[in-house]
Structure formats: C-alpha cells, structure tokens
Amino acid sequence: MNGIFISFEGPDGSGKTTQINRLKDYLTAKGCKVIVTREPGGTPISEKIRTILLDPENKEMHGVTEALLYAASRAQHVAEKIKPALAEGCIVLCDRFMDSSIAYQGYARKLGDDIRIINEFAVQGFMPDITFFMNLKASEGIARVDAQGSRDRLEQEAMDFHNAVYDGYIALSEIYKDRFVNIDASRSIEEISADIIAKYEEYVLSRENR
Ligand code: ADP
Ligand code: TYD
C-alpha cells in the first residue's frame with residue numbers, strides 16, 4: 001500500500017472533524033490525493049449501520065450488539081473504501097477507527113479484550129499508520145457538543161461513561177506509543193492545526209528515511 005492511513009480519535013466534541021477538514025485543505029493545497037471518511041459509516045452499508053447505532057430511540061440495544069455493529073460497519077469500510085484508496089496512493093483521513101471501539105465498548109461499556117479480538121477479525125489486522133489523539137477532558141467535549149445541538153445515543157450516556165472513554169484513550173496512548181500522537185485539544189483551532197501539520201510532516205520524513 002503506498003497511501004497513508006491516518007485516524008483521528010478522542011472524546012465526543014474534541015475537535016476531530018474540525019481538524020480533519022483543516023488537514024485535508026493543507027494536503028489538497030500541496031497536491032496530495034486525500035479522502036476524508038468516518039466511522040461508523042463511510043460506505044452505504046456502514047452508513048445504514050451508523051443510523052441504527054446512533055438513533056436515540058434504540059435504547060434497548062445490548063452492549064454486545066452495539067460492539068458487533070461497530071465492528072461490522074468497520075469491516076465493510078476497510079474492505080470497500082479504505083484499502084482500495086490506499087492502494088491508489090491516497091492519504092485517508094478517518095474520523096475514528098478501531099481505538100474508538102476499544103475506548104467506548106472495551107473500557108466504558110466494560111466489554112474488555114473481546115473488543116480487540118472481534119475487531120482484529122473485522123479488519124484482519126489492518127491498522128492506521130498514525131493516530132492523532134485529540135486529548136480533551138470528556139466534560140469539555142460534551143459541553144461543546146451541547147453548545148452545537150442535540151446529543152446522539154452514545155452522547156446521551158452519563159458523564160461516568162464519557163470519563164471512562166477518556167481514561168480508555170489515555171491507556172491506549174500508553175500501549176500504542178509508536179502510532180499515537182497526543183494533541184492538546186484544549187487550545188485554539190489554529191494552534192492545534194499547526195501542531196497537527198507539523199507532526200504530520202515529521203511522520204512523513206521519518207517514513208521516507210525508513
Ligand atoms: P468532533 O468531531 O470531535 O465531535 P468537532 O470538530 O465537531 O468535534 O467540534 C465540536 C464543536 O466544538 C464544534 O462546534 C466546533 O466548532 C467546536 N470546536 C472545535 N475545535 C475547537 C477548539 N479548538 N476550541 C473551541 N471549540 C472548538
Ligand atoms: P461521531 O459521529 O464521530 O461522534 P463525535 O463527532 O461526537 O465524536 O461518532 C459517533 C459515536 O459513536 C461517538 O459517540 C463515538 C461512538 N463510537 C463507538 O462507541 N464505537 C466505535 O467504534 C466508534 C467508531 C464510534
């Protein structure tokens with residue numbers, strides 16, 4: 001694969017979408033072929049699964065059902081969209097990937113290591129080259145979500161859940177030190193964007209020298 005697979009992770013409202021759009025503009029201006037996509041979603045089948053997952057009406061959804069639906073959405077997304085784009089040499093910017101399942105379903109829903117196992121099956125061991133972790137306290141992220149509009153099914157969870165998601169990400173950033181890039185997401189949009197671009201360029205240089 002000659003493309004680059006970049007995921008953005010972090011609590012709800014941590015600024016992932018904002019920063020993905022800015023990095024996309026930067027890369028497009030440089031003449032790179034860029035694809036922006038998201039999870040759950042990114043393909044017609046995966047977007048249908050997204051609708052089921054985020055619908056606030058689906059209050060009875062079992063945690064295991066939820067975990068399997070996220071993994072199913074991801075399996076389709078990787079096979080139909082991400083891998084073919086990388087094979088064509090695109091830079092793929094993905095709003096959330098497998099780390100979200102580990103943080104939300106593994107840590108916050110307390111489903112543990114089974115989440116890693118079902119997702120490794122879903123993606124057949126395929127992982128991002130680099131992951132920008134938007135490090136923002138869960139309460140600050142949720143405050144931004146509330147300022148913006150209504151909450152989806154996951155965002156409606158209690159604050160304890162969101163704090164456990166945050167702790168999950170901190171644990172993941174320790175485990176995957178080589179892939180995770182910790183970004184202080186409490187700064188201004190411009191400062192964060194400059195930091196992400198600098199870290200991206202550093203990564204590309206180190207990859208070329210490998
Ligand atoms: P996410 O995709 O992680 O949920 P968004 O990029 O949609 O986050 O941002 C959530 C809200 O916070 C939006 O209203 C956005 O304009 C705002 N926002 C994004 N980045 C910042 C920032 N650095 N400081 C303050 N507000 C921000
Ligand atoms: P998203 O639309 O990215 O939410 P936000 O922009 O607020 O960050 O993601 C939808 C929700 O799905 C979000 O609350 C996180 C959750 N989620 C999981 O619980 N597990 C997963 O594997 C993924 C990809 C997302």
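At what angle do helix α2 and helix α3 pack, and how far apart are their axes? In this predicted model, helix α2, formed by residues 44-54, packs against helix α3, formed by residues 63-87, at an angle of about 160°. The axes of the two helices are 9 Å apart. Angles over 145 degrees count as roughly antiparallel, and α2 and α3 are therefore assigned to that arrangement. The crossing of this pair is left-handed. On the α2 side, the contact is made by Pro44, Ile45, Ser46, Ile49, Ile52, Leu53 and Leu54. These residues meet Glu66, Leu69, Tyr70, Ala72, Ser73, Gln76, His77 and Glu80 of α3. Classified by residue type, the contact of α2 with α3 comprises nine nonpolar, four polar and two charged residues.

Helix α3 also packs against α5. The axes of α3 and α5 come within 8 Å and cross at roughly 30°. Angles under 35 degrees count as roughly parallel, and α3 is therefore roughly parallel to α5. The crossing of α3 and α5 is right-handed. The α3 residues in this contact are Ala67, Leu68, Ala71, Arg74, Ala75, Val78 and Lys83, and their partners in α5 are Ile115, Ile118, Asn119, Ala122 and Val123. By class, nine residues of the contact of α3 with α5 are nonpolar, one is polar and two are charged.

A further helix pair is formed by α4 and α5. Their axes cross at roughly 155° and come within 10 Å. This angle makes α4 roughly antiparallel to α5, and the crossing of the two helices is right-handed. Met98, Ser101, Ile102, Gln105 and Gly106 of α4 are in contact with Ile115, Arg116, Asn119, Glu120 and Val123 of α5. The contact of α4 with α5 contains four nonpolar, four polar and two charged residues.

The strands form an open sheet of five members in the order β2-β3-β1-β4-β5, with parallel pairing. Strands β2 (34-38) and β5 (180-184) lie at the edges, each pairing on one side only. Neighbouring strands of the sheet are turned by 20° against each other on average, with direction ignored. Met134 stands opposite Ile183 of β5.

Particular backbone geometries occur in two of the loops. The loop between β2 and α2 contains Pro40, and the peptide bond from Glu39 to Pro40 is cis, with omega near -10°. Arg96 is located in the loop between β3 and α4. Although Arg96 is not a glycine, this residue has a positive phi of about 80°.

Aromatic contacts were also examined. Seven aromatic pairs are found in a search of the whole structure. One of these is formed by Phe97 and Phe126, whose ring centres are 6.4 Å apart. The planes of the two rings stand at 85°, so the pair is classed as edge-to-face. Phe97 belongs to the loop between β3 (91-95) and α4 (98-108), and Phe126 to the loop between α5 (114-123) and β4; the pair therefore ties together parts that are 29 residues apart in sequence. The loop between β3 and α4 accordingly holds both Phe97 and Arg96.

Definitions and conventions. Residues are numbered from 1 along each chain as its sequence is written. Chains are lettered from A and ligands numbered from 1 in the order in which they are written. This is a predicted model: local features need pLDDT of at least 70, side-chain atom pairs count only at pLDDT 80 or more; totals for chains, interfaces and linings use all residues. Side-chain values use heavy atoms; hydrogens and water are left out. Axes are lines fitted to C-alpha atoms, for helices over the stretch in contact, and angles run from 0 to 180 degrees between N-to-C directions. Helices (H or I, at least four residues) and strands (E, at least two) are DSSP runs, numbered from the N terminus. Angles under 35 degrees count as roughly parallel, over 145 as roughly antiparallel, 65 to 115 as roughly perpendicular and the rest as oblique. A crossing is left-handed if the near helix is turned anticlockwise from the far one by less than a right angle, and right-handed if clockwise. Contact means heavy atoms within 4.5 Å. Ala, Val, Leu, Ile, Met, Phe, Trp, Tyr, Cys and Pro count as nonpolar, Asp, Glu, Lys and Arg as charged, and the others, Gly among them, as polar. Two strands pair if DSSP finds at least two bridges between them. Rings of Phe, Tyr and Trp (its six-membered ring) pair if their centres lie within 6.5 Å; planes under 30 degrees apart count as stacked, over 60 as edge-to-face and the rest as tilted.
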